[in-house]
Amino acid sequence: MAKTPARAGQSWTAQDVKQLRQLAKENTPTRVAALKLDRTPSAVQNKASAEGISLKPTNQSPYGTKKR
């Protein structure tokens, strides 16, 4: 069984939301953001939705390739 993150169930601080916005801006996957924020992936998704933060990646070429 998976270990519950230490911050699970705690209120979000302004600093947490700021870090979530930064991670979303950097196209960090939700599960990785959850690990960095010490929260569950569903908590990160719910907070992002409540704050109007899009976790969907921007259109980028895969594997670091660039269009010519």
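Contact here means heavy atoms within 4.5 Å. This is a predicted model, in which local features need pLDDT of at least 70 and side-chain atom pairs count only at pLDDT 80 or more, while totals for chains, interfaces and linings use all residues. Residues are numbered from 1 along each chain as its sequence is written, and side-chain values use heavy atoms, with hydrogens and water left out. The protein chain has three helices and zero strands, where helices (H or I, at least four residues) and strands (E, at least two) are DSSP runs numbered from the N terminus.

**Overall build**

- Read from the N terminus, the elements of the protein chain follow the order α-α-α.
- Of the 68 residues in the protein chain, 24% count as buried, a term that stands for under 20% relative accessible area, with exposed meaning over 50% and partly exposed lying in between (1.4 Å probe, protein chains only).
- Among contacts in the protein chain with a separation of 6 or more, 57% come from residues 24 or more positions apart.
- The protein chain exposes about 5,600 Å², of which carbon and sulfur atoms supply 51%; accessible areas come from the Shrake-Rupley method with a 1.4 Å probe.

**Packing of H2 against H3**

- The axes of helix H2 (residues 30–37) and helix H3 (residues 41–51) come within 8 Å and cross at roughly 100°, with axes being lines fitted to C-alpha atoms, for helices over the stretch in contact, and angles running from 0 to 180 degrees between N-to-C directions.
- H2 and H3 are therefore roughly perpendicular to each other, a label given to angles of 65 to 115 degrees, whereas those under 35 count as roughly parallel, those over 145 as roughly antiparallel and the rest as oblique.
- On the H2 side, Thr30, Arg31, Ala33, Ala34 and Leu37 meet Pro41, Val44 and Gln45 of H3.
- The residues of this contact of H2 with H3 divide into five nonpolar, two polar and one charged, where Ala, Val, Leu, Ile, Met, Phe, Trp, Tyr, Cys and Pro count as nonpolar, Asp, Glu, Lys and Arg as charged, and the others, Gly among them, as polar.

**Arg39 and its buried pairing**

- Arg39 has its place in the loop between H2 and H3, and Arg39 is buried, with a relative accessible area of 4%.
- Leaving aside neighbours within four places in sequence, Arg39 is in contact with Pro5, Arg7, Gln10, Ser11, Trp12, Asp16, Ala34 and Val44.
- The side chains of Asp16 and Arg39 meet in a salt bridge (3.1 Å, N to O), a salt bridge being a side-chain nitrogen of Lys or Arg within 4 Å of a carboxyl oxygen of Asp or Glu.
- This pair links distant parts of the chain, with Asp16 in helix H1 (residues 14–25) and Arg39 in the loop between H2 and H3, 23 residues apart, and both Asp16 and Arg39 are buried.

**Salt bridges of Glu51**

- A search of the whole structure finds four salt bridges, including one between Glu51 and Arg21, whose closest N and O atoms are 3.5 Å apart.
- Glu51 in helix H3 and Arg21 in helix H1 are 30 residues apart, and their pair links distant parts of the chain.
- Glu51 is partly exposed, with a relative accessible area of 30%, and Arg21 is also partly exposed, at 41%.
- The side chains of Glu51 and Lys47 also meet in a salt bridge (3.3 Å, N to O); being four residues apart in helix H3, Glu51 and Lys47 are separated by about one helical turn.
- Salt bridges that share partners join Arg7, Asp16 and Arg39 into one network.
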